[in-house]
Amino acid sequence: MNSIRIIHLNRWEHPLRASIWTNHGTVEVVWQDVAGDRCWFSSGTGDAKREALPAIEHVEQMCLTMR
């Protein structure tokens with residue numbers, strides 16, 4: 001069951017940021033280039049992060065194709 005309700009992605013902002021609303025709360029994600037690799041950092045509870053992980057991975061794949 002998909003528990004992601006809304007993803008707000010600001011592609012014009014650097015670093016890339018997203019807000020992902022789940023049934024367990026909001027997860028704020030920031031992608032940054034670290035030592036030549038793109039990494040992401042997030043806030044939120046463990047349950048919310050677990051629910052948001054598929055969406056984060058999908059956005060990460062979008063980031064890789066935009067490089």
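## Glu60 in the helix

E60 lies in helix α1; helices (H or I, at least four residues) and strands (E, at least two) are DSSP runs, numbered from the N terminus. The relative accessibility of E60 is 13%, so E60 counts as buried. Buried means under 20% relative accessible area, exposed means over 50%, and partly exposed lies in between (1.4 Å probe, protein chains only).

Which residues does E60 touch, not counting residues up to four places away in sequence? They are W31, R38 and W40, where contact means heavy atoms within 4.5 Å.

## Basis of the model

This is a predicted model, in which local features need pLDDT of at least 70 and side-chain atom pairs count only at pLDDT 80 or more, while totals for chains, interfaces and linings use all residues. Residues are numbered from 1 along each chain as its sequence is written, and side-chain values use heavy atoms, with hydrogens and water left out.

## Overall layout

The protein has one helix and four strands. From the N terminus on, the order of the elements is β-β-β-β-α.

Of the 67 residues in the protein, 30% are buried. Among contacts between residues at least 6 apart in sequence, 29% join residues at least 24 apart. The protein exposes about 4,600 Å², and 55% of this area is supplied by carbon and sulfur atoms. Accessible areas come from the Shrake-Rupley method with a 1.4 Å probe; for residues, only the protein chains shown count as cover.

## The nonpolar core

The largest nonpolar core has 11 residues: L16, A18, I20, V27, V29, W31, A48, A52, A55, I56 and V59. Two or more residues of this core come from each of β2 (17-22), β3 (25-34) and α1 (46-66). The largest share, five residues, is from α1. A nonpolar core is a set of buried Ala, Val, Leu, Ile, Met, Phe, Trp, Tyr and Cys residues joined through side-chain atoms within 4.5 Å.

In soluble globular proteins, nonpolar side chains tend to be buried together. W31 belongs to this core and is also one of the residues that E60 touches.

## The salt bridge

How many salt bridges are there? The count is one, with a salt bridge taken as a side-chain nitrogen of Lys or Arg within 4 Å of a carboxyl oxygen of Asp or Glu. The side chains of D47 and R50 form it, at 2.4 Å from N to O.

D47 and R50 are three residues apart in helix α1, so about one helical turn separates them. D47 is partly exposed, with a relative accessible area of 37%, whereas R50 is exposed at 56%. Side chains of opposite charge can pair when their charged atoms come close.
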